[in-house]
Amino acid sequence: ISSQVSANVEAGFSIVTYTGTGVNATVGHGLGVAPKMVIHFNRNVAYDHAVWHSALLGTEGLRLNTTAAKSTDATLWNSTVPSSTVVSLGTSGLTNYNQQVAYCFADVPGYQKIGSYTGNGSTDGPFVHCGFKPRFIMYKRSDAASNWVIWDSARSPDNVVNDYLLPNSSGAEATLDTLDITSNGFKLRTTNADNNGGTIVYIAIAEVNGKYALGR
C-alpha cells in the first residue's frame, strides 16, 4: 500500500499515513531499521488503537486505549513482525481499513529505548538500563489486564517519581511513589503490579544523550 511518510531517522520516529484495503499488505515506514513499537489509529472509525511491541509475537497485540492484556490476533499484522522497510498488515479494521495513521518507533542508542522487564513485586524493584537519563517513560504490563502508565521528569523533577497519567483513561493526573530516574535508566520502587509485576513493555525517551547525563 502506498504510504505518506514523515520520518526522523536520527530520532527513530516516523508518522505513516495510508488508506487500508482490508487485504493482507505491507506499508513503508521510512526508518531504515525495523521499528520496535508501532501504534495504529483508524482515523474514520472509533476502533481500538492497536499496538505492536518488540516483546510481542507477530500474532499478538495490545490496545493503547484499554487495560486489556496482550491478545492473539493474526489479522492485525498478518502474523509478521516489522522489517527494516515495511510494517505488515492483516485484514483487521484496526490496522488496514479506511484512513489510517501509524506511529513507528525504533531504538536509538543514547536517545530512545524500547524493551521489556520482569517485575518482582518489591520496593527494591528491577533496574531498567536505557543507556540515558529518561525524560519520558510509558509502559504497560502485557501479561495481565493493567493500565498504560506515563511518567516524566518535568512533572516529577525529583526522585521518587510519583506523578503519573494513564493514556487509556480520561482520569486526571494521580500520584504514587513508583520509580527513580537515574542517569542511565530507571528503577522501580513500588509493589504495585501495574508497574512492577509480570512482564512489562516500555518505551523511554531521553532528556539528554546518555554520555552527558547526570544523576538526580
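1. Some ground rules. The model is predicted, so local features need pLDDT of at least 70 and side-chain atom pairs count only at pLDDT 80 or more, while totals for chains, interfaces and linings use all residues. Residues are numbered from 1 along each chain as its sequence is written, and side-chain values use heavy atoms, with hydrogens and water left out.

2. Start with the seven-strand sheet. It is open, antiparallel in its pairing, and reads β1-β2-β9-β4-β5-β6-β7. At the edges sit β1 (4-8) and β7 (71-72), each of which pairs on one side only. As for terms, strands are DSSP runs of E, at least two residues, numbered from the N terminus, and two of them pair if DSSP finds at least two bridges between them.

3. Have a look at β4 next. This strand covers residues 37-42, and five of its six residues are buried. Buried here means under 20% relative accessible area, with a 1.4 Å probe and protein chains only.

4. What does β4 pair with? One partner is β5 (residues 50-53), antiparallel over three bridges. Another is β9 (residues 97-105), also antiparallel, joined to β4 by six bridges.

5. Now the four-strand sheet. This one is open too, with antiparallel pairing and the order β11-β16-β15-β14. Its edge strands are β11 (127-129) and β14 (161-164); each has a single partner strand, so one side of each is left without a neighbour in the sheet. From one strand to the next the twist averages 40°, taken between N-to-C directions of lines fitted to C-alpha atoms, on a scale from 0 to 180 degrees.

6. Within that sheet, β15 (residues 174-182) and β16 (residues 185-188) pair in the antiparallel sense over four bridges. I181 stands opposite F186 in β16. As a reminder, strands of a sheet pair through backbone hydrogen bonds, either parallel or antiparallel.

Definitions and conventions
Buried means under 20% relative accessible area, exposed over 50%, partly exposed in between (1.4 Å probe, protein chains only).
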